[in-house]
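Here are my notes on this model, point by point. Please read them with the coordinates open.

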Amino acid sequence: MVLVLFLMSAVLLTGCHGSRGLDAFSMPETFDESRNLEITFWAKNDTNKTQTDIYERAIDDFERLYPNIKVNLRLYTNYGDIYNDVITNISTNTTPNVCITYPDHIATYLTGTNVVVPLDELFADERYGFGGSEVHFDSVARDEVVSRFLDEGAFDGHYYAIPFMRSTEACYVNKTYVEALGYTLPDVLTWDFVWEVSEAAMAVGEDGNYLVNGQNVLIPFIYKSTDNMMIQMLYQHGAGYSTPEGEILLFNDTTKELLYTIAEYGKSKAFSTFKISSYPANFLNAGQCVFAVDSTAGATWMGTDAPLRDISEDKLVRFETVVMPVPQFDPDEPKMISQGPSVCLFNKEDPQEVLASWLFAQYLLTNDVQIAYAETEGYIPVTLRAQNSEEYTDYLSRGGEDNALHYDIKIKAAKLLIDNTDNTFVTPVFNGSASLRDAAGQLIETTVKAVRRGQTVDEAFMETLYADTRSLYRLDQGGVSASGETDLGPLPQTAVILLVSLAVVWVFIIVYVVLNSKKHQKI
Amino acid sequence: MECRFFLKCIDFCPVVEYNVKVWQSMGILFGFLRETKKRRMKMKKYVALILAFSLTLALAGCGGKDDAGSDVKSEGVMTHAEYMAAAVDEQVVVETYVQAKQSWWDNKATVYTQDKDGAYFIYEMACSEEDYAKLTPGTKIKVTGYKAEWSGEIEIMDATFEIQDGNYVASALDVTNMLGTDELISHQNEYVSFKGMTVEDAGNGSAFMYKWDNSGTDGDDLYFNVSFNGQTYTFTVESHLCDNTTDVYAAVKNLQIGDVVDMEGFLYWYEGVNPHITSVTVK
């Protein structure tokens, strides 16, 4: 009987351990290279075969340096799928070891206990950290990582991610059409200029076609990521979005004013979005767009001579493409978002496995990987060592030499970010920041759809829009927090009763065991 | 009518399946009773009874199988012609029949539907997981949403739906000879077939690629090129519609350049025709 009770308690205690999560990662004394380790790397590529090849080559090279580590690659084409799969796998402790992700997503992963590895100790370790003496490759020193980008992975008092690549958004302009409409591009694109030219482009001829392109299709201004659009507009205005503590400020009067303006041009169809119409590149390259805003990481799709395209050859229209920063409210104080993939490590029972993951993550910051990957799109390397290398500066200097590796638009997009790194910003990261970002975009999408469908956008509409969006993205529950650990408040009464009952049962069991034991001793 | 049609009926119609079982039972009875004349007489009665019964069931089955033959639209519901004439962003209400389901995620379903006059692709319609399970091929639904166009694909978005009585599974329309003509787009999203097309190099020296640029892995969309009358077209096995456990996914992975194939699928559009293939047969 005693044995049974002990077994039961052991099982129960094991269960408690499981629900608590893993122990916090503890840095091993040394990396045991006599043991074979297998790690999984979940990565994202921009449906770009060259990027896949670079990941595979990086893994091959790393495995040659560390023959005891095997890296399994799993590829995704969007961050959302990675996020969903990670969330699903946290409960079964089958997360990947290394994962390309957004800091916003990491904040959600952090709601589990010890799920994501804090990197501070790993950064600083003399042997295996940045520039570590025992690392088998020429690891970058901490001060060689662009500090602005490195700090994007710091929240809740720790570093949880290292940057992998950085991009921003660019406005790809059909300069030929701007000039045909009688305008001259300013040095810095402003919202007023973009709206004005877009509206002017809507003029239609007697044949029903648009005068500027002679076609029956035209979206003068199209935006790929409307969450970025709203966030950048608010930051440029100095208006509220959220606080670092996770307070939601999005639903303010400035947002409303911006939505009224967007509604005006959405109604005239001078403005549309990717979700409503399709990829900006398809319209731009077919001569059906004047201003197309998309990531600099999508630059190889933009322009008449773009090496990647989805439309057929016969639909291509020849025009001059200019790459400019996103439109601004104050040309003297340009502000644009910093984005791009980061890398986080998931905690495992075996610290050696975590250390192997860290070594691989560090390998992704070496020049071979950084430069090769940056050259696939309008990304820039996140290390100064790569940015200042002869190889990379030579690459940047050769824009336009060909329409493949040295595609002019792609290199101009990369330069745009290099020149504007100090003008970039990131939004605060907290549990719920990913939902807030989605909500920011949804406000624009819903407003544009509404006016296109003949609905009136007025105060009543705005009130409903705010309420519905808060509800849809659960921003009305006060559940967001900067720490990643939500304060759930005092225990509900039912939970208290249950816990007290369990304690009472355990007391009875223990009393029974003790009495029974004494009884046996007497016998 | 083609044999394919009857086979499809057997696949989809439980009543016809019952008839098959009845005939199988009859065969067994025949085996047991063949010795005596008396038994032969008895057998005739059984056969007559069974034939009469199965004929009744078959007629009833046909009625349930294809309600679209008398597909009168309810009040306030558009015909397919009216739907096609509606402007983009206009609210549309249609009664249609589920032909295949592409995906369900976050209480949103993407579905290929069709009535006897044409097809309706419904993108991310509000749908619970429980209701999604009810959307079997043939199920009649009334859909209220907004007409949209995305890269040439005409679809209904932001829709809600209700399940109605009725059942219709479209047979595949052979559009092989319409390839490269303006007529093809009038059958957009319909269940169609392509006959005698030749598999070409997908661009990587193989008969297919994972993703459009060969950047994917097993489980991703399959892209393959097929030609007819000297023109080459890109067809897709859409991995949400037919994942890597399906016969069509395996069949495309086994294709060889030069194979002549018959295919069925949905006439999806993305910057031009981009059929989502559901079956491939090498001839």
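**Notes on the two-chain model**

1. The contact between the chains takes 13 residues from chain B and 14 residues from chain A. Two residues are in contact if their C-beta atoms, placed from the backbone, lie within 7 Å. By class, the chain B side that touches chain A has 3 nonpolar, 6 polar and 4 charged residues. Ala, Val, Leu, Ile, Met, Phe, Trp, Tyr, Cys and Pro count as nonpolar, Asp, Glu, Lys and Arg as charged, and the others, Gly among them, as polar.

2. This is a predicted model: local features need pLDDT of at least 70, side-chain atom pairs count only at pLDDT 80 or more, and totals for chains, interfaces and linings use all residues. Residues are numbered from 1 along each chain as its sequence is written, while chains are lettered from A and ligands numbered from 1 in the order in which they are written.

3. Chain A overall. It has 19 helices and 16 strands. Helices (H or I, at least four residues) and strands (E, at least two) are DSSP runs, numbered from the N terminus. The C-alpha atoms of chain A fill a box of roughly 110 × 60 × 40 Å along the principal axes. Of its 523 residues, 45% count as buried. A residue is buried if 20 or more other C-beta atoms lie within 10 Å of its own, exposed if 12 or fewer, and partly exposed in between; C-beta atoms are placed from the backbone. Among contacts in chain A with a separation of 6 or more, 73% join residues 24 or more positions apart.

4. Helix H10 (residues 253–267) of chain A. At 1.5 Å a residue, its 15 residues should span 21 Å, and its end C-alpha atoms are 21 Å apart, which agrees. The expected span is 1.5 Å times one less than the number of residues. Its buried residues are A:Thr255, A:Leu258, A:Leu259, A:Ile262, A:Ala263, A:Tyr265 and A:Gly266. These pack against helices H8 (191–200), H9 (226–237), H17 (433–452) and H18 (459–472) and against strand S10, in chain A. After H10(A) comes A:Lys269, with a positive phi near 65°.

5. How do H9(A) and H17(A) pack? Their axes are 7 Å apart, at an angle of about 95°. Axes are lines fitted to C-alpha atoms, for helices over the stretch in contact, and angles run from 0 to 180 degrees between N-to-C directions. The two helices are therefore roughly perpendicular to each other. Angles under 35 degrees count as roughly parallel, over 145 as roughly antiparallel, 65 to 115 as roughly perpendicular and the rest as oblique. The residues of this contact divide into 6 nonpolar, 2 polar and 4 charged.

6. Helix H2 (residues 49–65) and helix H13 (residues 367–374) of chain A come within 10 Å, axis to axis, and cross at roughly 175°. H2(A) and H13(A) are therefore roughly antiparallel. H2(A) contributes A:Gln51, A:Ile54, A:Ala58 and A:Asp61; H13(A) contributes A:Asp368, A:Val369, A:Ala372 and A:Tyr373. By class, the contact has 5 nonpolar, 1 polar and 2 charged residues.

7. An open sheet of 5 strands in chain A has the order S10-S9-S11-S8-S12, with mixed pairing. Two strands pair if DSSP finds at least two bridges between them. S10 (271–273) and S12 (321–325) are the edge strands, each pairing on one side only. Neighbouring strands are turned by 25° against each other on average, direction ignored. S8 (residues 169–174) and S12(A) pair in the antiparallel sense over 5 bridges. A:Tyr172 stands opposite A:Val323 in S12(A).

8. Strand S14 (residues 342–345) of chain A. A:Ser342 and A:Cys344 point one way, A:Val343 and A:Leu345 the other, and all are buried. S3(A) runs antiparallel to S14(A), joined by 4 bridges. A:Cys99 stands opposite A:Cys344. Strand S6 (residues 162–163) of chain A also runs antiparallel to S14(A), with 2 bridges. Here A:Pro163 stands opposite A:Ser342.

9. Two backbone points to check. A:Asn93 has a positive phi of about 55° although it is not a glycine. A:Asn93 lies in the loop between helix H3 (79–90) and strand S3 (98–101) of chain A. B:Asp158, also not a glycine, has a positive phi of about 50°. B:Asp158 is in strand S5 (residues 153–167) of chain B.
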